[in-house]
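Subject: Structure handover and findings

Hello,

I am passing this structure on to you, with notes on what was found in it. Please look through the sequence and the model before reading further.

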Amino acid sequence: MSSPPPTMESLILQLHDIAAVKFGNFKLKSGISSPIYIDLRLIVSYPSLLRQISQTLIAAVPSATPYDVVCGVPYTALPIATCISMSSGIPMLMRRKEVKDYGTAKAIEGAFEQNQVCLIVEDLVTSGASVLETAAPLRAAGLKVTDAVVMIDREQGGRENLSENGIKLHAMVKLSEMVRILKEKGRVSEETEKMVMKFLEDNRKVSVPLPAAAEKKAIVRLPYGERAKLAKNPTGKKLFEIMVQKESNLCLAADVSTAAELLEIAEKVGPEICMLKTHVDILPDFTPDFGSKLRLIAEKHNFVIFEDRKFADIGNTVTMQYEGGIFRILEWADIVNAHIISGPGIVDGLKLKGLPRGRGLLLLAEMSSSGNLATGAYTAAAVKIAEEHPDFVIGFISVNPASWPTGPGNPSLIHATPGVQMVKGGDALGQQYNTPSSVISDRGSDIIIVGRGIIKATNPAEAAREYRLQGWDAYLVNCN
């Protein structure tokens, strides 16, 4: 026969008995000093109390609250979440506080599916920072986080901070209630109760502390010249060599309204760039001689042409799109790119026509638009396909290769990153921008792709030169 549920009064008195509730002067994670400190790490040594707390805690979550899995905030809440999982049969996940750079390098351990709802379990909430630190990797892994349950709410802004981040907080007990019970039972004096209440009144809103500046892990970069020797594709090799000769890792995204404008700006900025990116299907005045005219400019200023076609169909279809149609991309573009959504067959189809002409292919491993789906397993699949086709795939369109489990990876492959401007930010359509320095030095990319920052400039050639210098300086920092 199961024992009746413990009363809140009983749990609070037991916590006081084991010295899990202390009074004095304590510095909290949020940075403020507190006259009361709750050390719930002690409860792991009291299995009966741990079980009682777990039962009472999960009962604080309204029955209408949906969740598929639970995750305890490391480390104190892990045993509480484990007890909840074992008693309820609800699967548990574990967040790694320190993500390893070997093995699977996962931030979240356990079995789960995309879009499952995860309930976060915490022992104590002040500002809510620890809950948010756990919610971030859970959400990044594809889980939904809408609720958190905490044993003790210190009533110092955590509930409000979490609400602002889309998380509703459910508490087993509030700190003021806990102190009131301890006073009523003669465990603390009236003076101590007043001191704690005044402290709470004076600290009703504790901001989430900014993360401490972590020591940056330097990205040691193999020079482009050495990487040219490793490239197995002639266009990939040529691109590396151009970058060294021109001291440029700048690609112009020539997203202009007409073919005439494109040819004009290619002439203006050609001396500064290693690559020019086109969207030929947006040019209303395209003519069959466009490709030959652009190639003459490319040969004059020594840059390669990248048609941002983003092929995505099956192999047979992309073969025809690449070679035929009104654009005849194969004839004039050194490089094209492709999504891998249709599988590795898309590379086989493009390779069939492109490889005999010495052309190269970039795979879309990541995208710079907000909310895009090219993440995680999709990115890993792109890397695998690239490794299987080193004679044709020359690299990736990527956003933050330094964050990949393997880092930027094979040095023979190039990383090109779009969405680069002199200042960080975004536009109304979801494009996210990063600076040349952050893209090259911090994110481990090789080529900065700049569009509006050059095209919309009063002097495009001068703007291109500034971007080229910033991108190259960032590269040299890593080489040194």
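In which strand is Thr146 found? Thr146 belongs to strand β7, residues 144–153. Helices (H or I, at least four residues) and strands (E, at least two) are DSSP runs, numbered from the N terminus.

Some background on the values. This is a predicted model, in which local features need pLDDT of at least 70 and side-chain atom pairs count only at pLDDT 80 or more, while totals for chains, interfaces and linings use all residues. Residues are numbered from 1 along each chain as its sequence is written, and side-chain values use heavy atoms, with hydrogens and water left out.

Thr146

With a relative accessible area of 35%, Thr146 is partly exposed. Here buried means under 20% relative accessible area, exposed means over 50%, and partly exposed is in between (1.4 Å probe, protein chains only). Leaving aside residues up to four places away in sequence, Thr146 touches Val117, Cys118, Gly166, Ile167 and Lys168; contact means heavy atoms within 4.5 Å. Its side chain also makes a polar contact with the side chain of Asp147, at 2.8 Å. A polar contact is a pair of N or O atoms within 3.5 Å; within protein, one must be able to donate a hydrogen and the other to accept it, and residues adjacent in sequence count only if both atoms are side-chain atoms. Tyr67 is 79 residues from Thr146 along the chain, and the C-alpha atoms of the two are separated by 8.8 Å.

The barrel

Eight strands close into a barrel with parallel pairing, in the order β9-β10-β11-β12-β13-β14-β15-β18. Two strands pair if DSSP finds at least two bridges between them. Neighbouring strands of this sheet are turned against each other by 25 degrees on average, direction ignored. For that angle, axes are lines fitted to C-alpha atoms (for helices over the stretch in contact), and angles run from 0 to 180 degrees between N-to-C directions. Strand β15 (residues 414–417) runs parallel to β18 and is joined to it by two bridges. Ala416 has Ile447 in β18 as its bridge partner.

Salt bridges

Side chains of opposite charge can pair when their charged atoms come close. A salt bridge is counted when a side-chain nitrogen of Lys or Arg is within 4 Å of a carboxyl oxygen of Asp or Glu, and the count comes to 25 salt bridges.

- Arg227 and Asp446 form a salt bridge, with the closest N and O atoms 2.6 Å apart. The pair links distant parts of the chain, 219 residues apart: Arg227 is in helix α8 (residues 224–230) and Asp446 is in the loop between α16 (436–442) and β18 (447–450). Both Arg227 and Asp446 are buried.
- Asp334 and Arg359 form a salt bridge, with the closest N and O atoms 3.8 Å apart. Asp334 is in the loop between α13 (329–332) and β12 (335–338), and Arg359 is in the loop between α14 (345–354) and β13 (360–364), so the pair ties together parts 25 residues apart in sequence. Asp334 counts as buried at 5% relative accessibility, and Arg359 counts as buried at 8%.
- Lys293 and Asp289 meet in a salt bridge at 3.4 Å, N to O. Lys293 is partly exposed at 40% relative accessibility, as is Asp289 at 31%.
- Asp255, Lys277, Asp308 and Lys310 are linked in a network of salt bridges.

Aromatic pairs

Rings of Phe, Tyr and Trp (its six-membered ring) pair if their centres lie within 6.5 Å; planes under 30 degrees apart count as stacked, over 60 as edge-to-face and the rest as tilted. The count comes to ten aromatic pairs. The rings of Phe290 and Trp332 have centres 5.7 Å apart and planes at 90 degrees, so this pair is edge-to-face. Phe290 is in helix α11 (residues 290–301) and Trp332 is in helix α13, so the pair ties together parts 42 residues apart in sequence. Phe290 is buried, at a relative accessible area of 1%, and Trp332 is buried at 4%. The rings of Trp472 and Tyr475 have centres 4.6 Å apart and planes at 50 degrees, so that pair is tilted. Tyr224, Phe240, Trp472 and Tyr475 form one aromatic cluster.

Regards
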